[in-house]
Amino acid sequence: MAEVQGQDNRESDPTALAAEATATGGGKPRKPRATDGGPEILPDMGHYVTLVRKIKHRALAAQWLQHLHPDPLPTIEWEHKVCTSYKQSLFTVVAGLPGAIRQRLEEAAQRILLLSDDFGCEAVKSLLSEDDQTEQQAVADAGDKYGRALYLYLCRLADDSDRRFEQAETARQQNKQWKSEAYASHFRGPKGLDIALDEVLKDKLKVAIAAIYPEAPLHDVVIEHFQRRDLTQAEDRGGDEDAAPVWLHTIVVGFNGKETHWDKIVDGEVTTRHDQALQRITFSYEPSTGALSVFCDDRNARQELAKALRDVVLASDTEIAEMPLREFSLTAFGSAEVFNLLKPEPGDGIERISINLIKVAKRLEQQGEDGTLEVTSGMTIHRDRRDQRDVYRVAREDYKQNDLSGFDLVQVKLVLRMAKQKDRRAHNIVVQITAPNGLNDNAKTEDERQLVMRLLKRWHIVTEF
């Protein structure tokens with residue numbers, strides 16, 4: 001199922017609008033709102049209509065169309081000041097193009113829109129060149145995340161060897177799956193090593209992969225290596241523009257190794273066909289920290305895959321171990337004094353921080369038939385988001401608890417109110433911390449996840465081993 005759906009836009013009925021305006025007390029009928037007619041003109045190209053509506057830089061839309069159809073086209077009102085008129089003329093021309101071109105436009109629009117979400121936006125930025133002044137100007141002209149994603153796609157159309165668009169799709173998937181144990185495992189590997197994956201190393205890596213997946217034919221294994229900038233570490237440097245960029249290495253291995261089957265009618269009978277589908281393994285290596293991540297469906301094989309990358313590509317004998325455990329201390333949340341600690345700094349992009357929930361427990365020993373038993377009772381203090389009181393006042397007034405420091409603090413839920421950003425509206429990040437090792441946050445971008453961890457370290461709530 002596609003992750004981005006085309007936006008609906010109904011044509012306004014002038015007669016109905018006029019009648020509605022009169023019925024609701026407006027003495028003068030309202031003027032019907034102009035529409036571009038996209039869904040009506042292109043009913044089977046919802047993603048393309050959505051993307052054209054969002055693209056601010058019309059030259060990109062013109063370049064895209066001209067690349068697929070270099071022959072002269074009917075007049076499109078590129079310079080028309082009224083956006084609806086320009087879009088309507090564009091949609092009308094596209095509706096008359098051959099079906100193959102329209103299908104390419106729609107399929108590409110769907111992929112571009114996926115790269116315009118939070119995960120994709122970060123991936124695109126990490127692959128754009130900071131040293132190429134021509135590209136920097138083109139990106140500035142593109143205007144926003146939709147324009148940047150389309151610009152990267154046009155680079156691919158202009159040069160078959162420019163694979164940054166496909167690489168951005170891979171990076172987006174990594175950003176999206178980074179927190180999920182169902183898709184990724186993270187290990188601590190050797191630090192400070194550079195990767196130069198030549199054909200010899202690729203052949204060795206193929207052999208190592210085939211040893212883990214014997215059903216994968218060596219001639220079917222395809223390997224791609226690319227680098228992208230680590231935007232989160234760039235932010236950690238405090239905006240030091242003179243500092244050298246920090247690079248992330250990504251290695252994508254694809255082979256026919258996933259068993260699949262489907263039913264098909266042959267000569268009037270249902271027959272089951274068996275085949276091997278594409279299986280993809282993605283490695284991510286960060287030289288500055290030694291972090292080595294493995295993305296694949298086969299969780300049990302991830303550590304062996306990490307060792308294979310270490311042995312073949314990194315040429316190191318460093319022990320491959322799980323990423324260090326994080327331990328959270330909630331002691332500071334025993335009293336309202338914690339608000340003196342939870343203060344954002346300029347540059348964090350946080351408007352305010354609130355505590356919506358504190359869960360505490362009391363452990364004690366009781367004598368039973370089987371001897372001494374350790375029992376635990378619990379209490380949850382929950383503050384409604386609309387409540388003007390803070391959670392400690394709620395504890396005093398509703399739960400008659402003036403001091404929580406005498407309890408074991410089990411869980412805390414923080415709400416970070418993020419200010420409006422250039423590419424994203426104001427929103428909340430809910431951070432739930434469970435002692436001693438649990439962290440669950442709803443941050444949707446790698447930047448925000450890194451911000452959460454920086455705050456917890458700054459407040460001495462988390463310790464990494």
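# Briefing: helix packing, aromatic pairs and backbone exceptions

Helices H6 and H9 cross in a right-handed sense; a crossing counts as right-handed if the near helix is turned clockwise from the far one by less than a right angle, and as left-handed if anticlockwise. The model is predicted, with local features needing pLDDT of at least 70 and side-chain atom pairs counting only at pLDDT 80 or more, while totals for chains, interfaces and linings use all residues. Residues are numbered from 1 along each chain as its sequence is written, and side-chain values use heavy atoms, with hydrogens and water left out. Helices (H or I, at least four residues) and strands (E, at least two) are DSSP runs, numbered from the N terminus.

Axes are lines fitted to C-alpha atoms, for helices over the stretch in contact, and angles run from 0 to 180 degrees between N-to-C directions. Angles under 35 degrees count as roughly parallel, over 145 as roughly antiparallel, 65 to 115 as roughly perpendicular and the rest as oblique.

- The axes of H6 (residues 99–114) and H9 cross at roughly 130° and come within 9 Å, so H6 and H9 are oblique to each other.
- H4 (residues 58–68) packs against H9 at an angle of about 30°, with the axes 10 Å apart. H4 is therefore roughly parallel to H9, and the crossing of H4 and H9 is left-handed.
- Between H4 and H6 the angle is about 140° and the axes are 11 Å apart. H4 and H6 are therefore oblique to each other, and H4 passes H6 in a right-handed crossing.

**Aromatic pairs and a charge over a ring**

Rings of Phe, Tyr and Trp (its six-membered ring) pair if their centres lie within 6.5 Å; planes under 30 degrees apart count as stacked, over 60 as edge-to-face and the rest as tilted. Buried means under 20% relative accessible area, exposed over 50%, and partly exposed in between (1.4 Å probe, protein chains only).

- The count of aromatic pairs comes to 7.
- Tyr153 and Phe165 form an edge-to-face pair, 5.1 Å centre to centre with 70° between the planes. Tyr153 lies in H9 (residues 145–158) and Phe165 in H10 (residues 164–177), so the pair ties together parts that are 12 residues apart in sequence.
- Tyr153 is buried at 9% relative accessible area, and Phe165 is buried at 0%.
- Tyr213 and Phe255 form a tilted pair, with 5.2 Å centre to centre and 45° between the planes. Because Tyr213 lies in the loop between helix H11 (199–212) and strand E2 (222–229), and Phe255 in strand E3 (residues 247–266), the pair ties together parts that are 42 residues apart in sequence.
- Tyr213 counts as buried at 5% relative accessibility, and Phe255 is buried at 0% relative accessible area.
- One aromatic cluster is formed by Tyr48, Trp64, Phe91, Tyr153 and Phe165.
- The charged end of Lys362 sits over the ring of Phe407, 5.1 Å from its centre; the criterion is NZ of Lys or CZ of Arg within 6 Å of the ring centre and within 35 degrees of the ring normal.

**Helix H15**

- H15 (residues 446–458) has 13 residues and reaches 18 Å from its first C-alpha to its last, close to the 18 Å expected at 1.5 Å a residue. The expected span is 1.5 Å times one less than the number of residues.
- Buried residues in H15 include Glu446, Glu448 and Arg449, along with Leu451, Val452, Met453, Leu455 and Leu456.
- Just after H15, His460 takes a positive phi of about 60°.

**Backbone exceptions in loops**

Most residues other than glycine have a negative phi, and most peptide bonds are trans.

- Asp267, not a glycine, has a positive phi of about 55°. Asp267 is placed in the loop between E3 and strand E4 (269–286) and counts as exposed at 79% relative accessibility.
- Ala315 has a positive phi near 50°. Ala315 is in the loop between helix H13 (302–314) and strand E6 (321–322), and at 64% relative accessibility it counts as exposed.
- Ala435 and Pro436 are joined by a cis peptide bond, with omega about 0°. Pro436 is in the loop between strand E11 (427–434) and strand E12 (438–441).

**Gly438 in strand E12**

- Gly438 is in strand E12 and is partly exposed, with a relative accessible area of 24%.
- Gly438 and Arg326 are 8.3 Å apart in space, C-alpha to C-alpha, and 112 residues apart in sequence.
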